[in-house]
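I set out to record the strand pairing and the backbone angles of this model. My entries follow the structure shown here.

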Amino acid sequence: MADEVWGINAEQQIYYWTGTTWTHIAGALVTIAVNGGQVWGLNAAHEIYRWTGSGWTQIAGALVSIAVGSDGEVWGINGSQEIYKWSGTTWTQIAGALVSIAVNGGQVWGLNAAHEIYRWTGSSWTQIAGALVTIAVGSDGEVWGINGSQEIYKWSGTTWTHIAGALVSIAVNGGQVWGLNAAHEI
């Protein structure tokens, strides 16, 4: 299930890209996170679901943001900006406050309510210069983000490099970068 692409339309309908067409999947989600053969989602009531390969299983808890890493790590944020990591059976709270989180390739990055950027060191958060409204991490360690003006940036390891274009959403994995612009075009 590597390199899978899933999406949700404005009516909360779920779709899977077969490589040539979009296939409708039963259910309704407002957020979806796909990586490492795992598919997790959140519905409008902030309930958490995991795809079994043939249907959705509800997971205890309530989140407003969720991210899945290529190594199977699952992180989420609740409505109070509290950060949680999935242990395989339960959620463990992690110190800090974020509104968005991205996980992949052993890296965890997040954005707080002031659009400040943070990277998890394994024991605490380190602030990274810049301001973003969206962030994504690839399995190869690439980090991409979008600022409040819909400008696209790529992390070089020490600084942000501006990339031409304008997006409102971005996903990165396996050397692929997918985005949505303000007109909802892919």
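I took two strands as paired if DSSP finds at least two bridges between them. Strands (E, at least two residues) are DSSP runs, numbered from the N terminus.

The model is predicted, so I kept its thresholds in view: local features need pLDDT of at least 70, side-chain atom pairs count only at pLDDT 80 or more, and totals for chains, interfaces and linings use all residues. Residues are numbered from 1 along each chain as its sequence is written, and side-chain values use heavy atoms, with hydrogens and water left out.

Entry 1, the sheet. I looked up the strand order and found an open, antiparallel sheet of four strands, β4-β5-β6-β7. Its edge strands, each pairing on one side only, are β4 (31-35) and β7 (56-62). Neighbouring strands are turned by 25° against each other on average, direction ignored; axes here are lines fitted to C-alpha atoms, and angles run from 0 to 180 degrees between N-to-C directions.

Entry 2, β5 and β6. I found three bridges between the antiparallel strands β5 (residues 38-42) and β6 (residues 47-51). Glycine 41 has tyrosine 49 of β6 as its bridge partner. The loop between these two strands holds histidine 46.

Most residues other than glycine have a negative phi. I noted a positive phi near 70° for histidine 46 and one near 65° for glutamine 81. Glutamine 81 lies in the loop between β9 (74-77) and β10 (82-86).
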